[in-house]
There are 2 protein chains.
Amino acid sequence: MKAAILAVGSELLGTDRLDTNSLKLTGVLERYGVELRRKGVVGDSVEEMADELRTLLSRHELVLVTGGLGPTADDVTREAVTLALGRGLTLDEEVLATIERRFREHGRVMPAVNRKQAEVVDGAVLIPNARGTAPGMRIEDQGSTLFLFPGVPFELDGMIESDLVPWLAERSAAAGNVGRETSTIKVACLPESVVEERIAPAYGEFGREWITILASPGEIRLRSTAEGPEPERRKRLDAMTARLRELAGDAVYACREEDTLESVVGELLRKAGGTLATLAVAESCTGGLLAERITRVAGSSDYFLGGAVTYTNELKTQVLGVPAEMIAEHGAVSEPVARAMAEGVRRAFHSDWGAGITGVAGPGGGSEAKPVGTVHIAIAGPGPHGRTEHHKVRFPGDRERVRAQSAQLALDLLRRMLLAS
Amino acid sequence: MKAAILAVGSELLGTDRLDTNSLKLTGVLERYGVELRRKGVVGDSVEEMADELRTLLSRHELVLVTGGLGPTADDVTREAVTLALGRGLTLDEEVLATIERRFREHGRVMPAVNRKQAEVVDGAVLIPNARGTAPGMRIEDQGSTLFLFPGVPFELDGMIESDLVPWLAERSAAAGNVGRETSTIKVACLPESVVEERIAPAYGEFGREWITILASPGEIRLRSTAEGPEPERRKRLDAMTARLRELAGDAVYACREEDTLESVVGELLRKAGGTLATLAVAESCTGGLLAERITRVAGSSDYFLGGAVTYTNELKTQVLGVPAEMIAEHGAVSEPVARAMAEGVRRAFHSDWGAGITGVAGPGGGSEAKPVGTVHIAIAGPGPHGRTEHHKVRFPGDRERVRAQSAQLALDLLRRMLLAS
């Protein structure tokens with residue numbers, strides 16, 4: 001089955017907003033083996049939309065429309081559909097009663113404009129909207145199926161689950177459940193070329209077109225895709241994920257889209273050495289970003305004690321106990337200072353683990369010996385004779401990227417030491 | 001002039017990526033009075049793309065295409081255009097020499113696949129690509145103009161400036177420079193309804209359709225739009241901005257898109273009391289986010305000394321000097337503790353200004369007396385008898401939103417006190 005998605009709304013043709021509803025719809029289509037061939041956006045013009053609808057319906061068996069079902073004058077989807085299909089629009093008393101009741105339940109009288117939302121395209125099957133006033137519609141026309149959904153994401157989500165998914169599932173089952181599914185594993189702090197080299201054998205084993213590398217600074221996601229009927233599809237996907245994990249090695253930190261590096265580190269701290277371990281961090285160039293990431297995780301107060309953002313040399317000495325002479329001799333951006341920060345915050349804050357980051361985030365402050373992007377990261381381990389590991393790196397990119405990659409690497413070093421401990 | 005934008009690439013029909021190039025193109029079109037009527041995305045299929053191109057060219061005077069100019073088999077824009085327009089494709093020796101030279105300059109030999117990038121649609125005007133291998137093209141066809149641009153944003157940006165802008169400017173000048181321009185002012189920490197009420201008079205004076213309210217948690221952007229020829233357009237825009245600023249009052253913190261609340265606070269600290277003032281912050285529920293925002297600003301080390309993320313009660317006492325009895329009596333999330341944190345970090349870190357945030361970010365940790373979203377923020381001012389201001393709020397939303405709004409309000413309170421001082 002070939003499908004197209006059309007988003008309606010002049011605001012989606014401006015400079016601020018993109019149609020993001022299509023991403024969710026695309027995921028559902030893929031799951032049930034429907035191929036998305038086109039996406040489009042039109043403004044609030046009846047003629048423009050009707051024209052586009054005619055084109056899309058003539059070329060696709062399934063057309064999903066989002067938006068333009070509201071009560072105001074610029075909500076033109078209903079009118080455009082009647083124009084495109086040459087059908088009428090009839091007020092549905094039952095829908096009207098539902099909308100009126102909805103307003104009453106919120107202690108209000110339905111404004112006259114909302115009457116419009118009870119108008120139904122002749123021959124359409126209504127899709128109830130449990131989360132808003134405008135119902136959706138499903139319309140069969142000359143061998144194609146047209147879905148009309150509201151543009152409000154929360155309302156759209158409800159209808160996807162209540163109506164689109166069952167409709168697709170039925171057709172998919174009739175066609176042997178041939179669908180497409182993806183699975184993601186996440187890799188931290190390796191260059192894309194290194195990851196590609198490591199996983200190359202999987203290309204030969206599973207086919208290059210089924211494995212995608214999505215790279216962003218400090219993180220690479222490896223996406224596997226499998227197609228076909230269940231349960232073979234799932235089995236194939238699991239086999240690909242397992243193989244990729246094996247090939248990519250210990251740089252893989254997560255096999256679920258919802259896991260983040262900070263949540264994985266949190267889980268490791270919870271069970272470090274069979275009991276819960278605590279963490280404190282000392283930051284200079286990252287300015288609080290590392291602490292902020294760690295505390296994004298709900299419940300992080302169980303293991304995270306606190307952090308010190310020591311932007312000045314004086315505070316590095318005062319709060320973390322970094323010797324002033326050490327800073328004078330080696331400079332604030334140096335291995336000894338990073339180590340002293342990690343060990344100092346661990347000692348001062350009485351935590352099991354400590355992290356220290358000091359670097360030149362830029363754009364100013366760089367020198368020939370320590371150019372912008374130079375960062376020293378140290379992780380101090382637990383125990384009275386805890387080992388401290390240190391890494392010196394030079395990150396490319398601007399201030400924001402240097403900071404982001406520094407926090408990412410600190411989390412990954414911590415993850416590796418926790419795994420090894 | 002009516003325009004359409006078409007983005008080419010199967011990766012833009014997946015579940016991860018949206019076409020964002022169109023946003024920049026839209027801004028340029030608006031500036032020169034061109035109306036964008038449609039946006040579309042097609043995959044790497046010659047037939048599909050040719051079909052869409054024919055439709056778009058028959059209905060629009062200007063069609064901008066991005067993507068599909070690369071060297072690989074799935075880069076099909078050149079072929080699709082020849083199919084749609086019924087033209088040929090000819091290898092341009094000069095373009096080929098340029099591409100080969102480019103590779104040589106990087107110490108490489110041009111791979112054979114790149115020959116394809118030297119093929120030019122018959123009758124096209126070439127657009128040189130200073131930032132990559134594939135040149136763009138401008139093609140006139142039956143009264144419409146078709147631009148082919150690369151999909152790589154950096155390369156596209158270069159061609160927009162070097163070719164599209166001059167082309168549009170010439171046509172716009174011939175048509176009396178009728179364009180459309182926008183200007184934004186930013187308002188912190190006021191509900192949308194309050195802002196709307198305040199600026200209502202401007203709706204009557206300038207016309208409601210020219211003013212847009214863009215609301216996000218803790219921040220509202222008021223966008224003015226003016227249309228027509230220069231210099232009247234600019235004059236009108238300036239008048240609208242000035243009036244909105246007057247009506248919205250002291251909640252307005254910036255009149256330029258590039259200014260952030262943290263950069264404005266930084267500027268105020270630089271000239272506070274005629275000299276530079278320093279800042280330190282103490283955070284609990286925001287976990288480093290406030291420090292992270294402040295240090296996003298390049299050069300913030302001039303005024304920002306450091307921050308303490310004190311997640312535990314012990315660290316609040318140890319690092320900031322918050323009396324343990326005070327925490328025991330009032331709880332960590334309380335007015336006295338917020339005040340003691342702000343004053344404590346100011347004293348301990350020897351800064352002129354101090355900020356303290358303590359609250360319940362959720363999802364756990366709430367109680368009947370202190371439900372999730374309860375946050376106490378205090379700002380301690382300079383001098384031996386510096387005044388400390390305190391605000392108690394209850395933010396809606398999840399952990400991320402509570403944290404974001406808390407940092408935003410702390411910055412805004414600081415901004416207001418700096419302005420008053």
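Is A:Arg233 buried or exposed, and what is its relative accessible area? A:Arg233 is buried, at 7%, where buried means under 20% relative accessible area, exposed over 50% and partly exposed in between (1.4 Å probe, protein chains only). Keep in mind that this is a predicted model: local features need pLDDT of at least 70 and side-chain atom pairs count only at pLDDT 80 or more, while totals for chains, interfaces and linings use all residues. Residues are numbered from 1 along each chain as its sequence is written, chains are lettered from A and ligands numbered from 1 in the order in which they are written, and side-chain values use heavy atoms, with hydrogens and water left out.

**View 1. A:Arg233 and its partner A:Glu230.** These two side chains form a salt bridge, with 3.4 Å between the closest N and O atoms; the term stands for a side-chain nitrogen of Lys or Arg within 4 Å of a carboxyl oxygen of Asp or Glu. A:Glu230 is partly exposed at 34% relative accessibility, whereas A:Arg233 is buried.

**View 2. B:Arg233 and B:Glu181.** Over in chain B, the side chains of B:Glu181 and B:Arg233 meet in a salt bridge at 3.0 Å, N to O. The pair links distant parts of the chain, 52 residues apart: B:Glu181 sits in strand β9 (residues 179–188) and B:Arg233 in helix α7 (residues 232–248). Helices (H or I, at least four residues) and strands (E, at least two) are DSSP runs, numbered from the N terminus. Both ends are tucked away, with B:Glu181 buried at 16% and B:Arg233 buried at 6%.

**View 3. A:Glu196 reaches A:Arg208.** Here the closest N and O atoms of the salt bridge are 3.2 Å apart. A:Glu196 lies in helix α6 (residues 192–206) and A:Arg208 in the loop between α6 and β10 (211–216), so the pair ties together parts twelve residues apart in sequence. A:Glu196 is partly exposed at 26%, while A:Arg208 is exposed at 52%.

View 4. Over all chains, the count comes to 67 salt bridges.

**View 5. The twelve-stranded open sheet.** Its strands run in the order β6(A)-β7(A)-β8(A)-β3(A)-β1(A)-β2(A)-β2(B)-β1(B)-β3(B)-β8(B)-β7(B)-β6(B), with mixed pairing; two strands pair if DSSP finds at least two bridges between them. β6 (125–127) of chain A and β6 (125–127) of chain B stand at the edges, each with a single partner strand, so one side of each has no neighbour in the sheet. Zooming in, β3 (residues 62–66) and β8 (residues 144–149) of chain A pair in the parallel sense over five bridges, and A:Leu62 stands opposite A:Thr145.

**View 6. Strand β15 of chain B, wrapped up.** Seven of the seven residues of β15(B) (residues 353–359) are buried, so the strand is largely enclosed by the rest of the structure. Both faces are covered: B:Trp353, B:Ala355, B:Ile357 and B:Gly359 on one side, B:Gly354, B:Gly356 and B:Thr358 on the other. β15(B) pairs with β13(B) (residues 279–283) in the parallel sense over five bridges, and with β16(B) (residues 374–380) in the antiparallel sense over six bridges. B:Ala355 stands opposite B:Val281 in β13(B) and has B:Ile379 as its bridge partner in β16(B).
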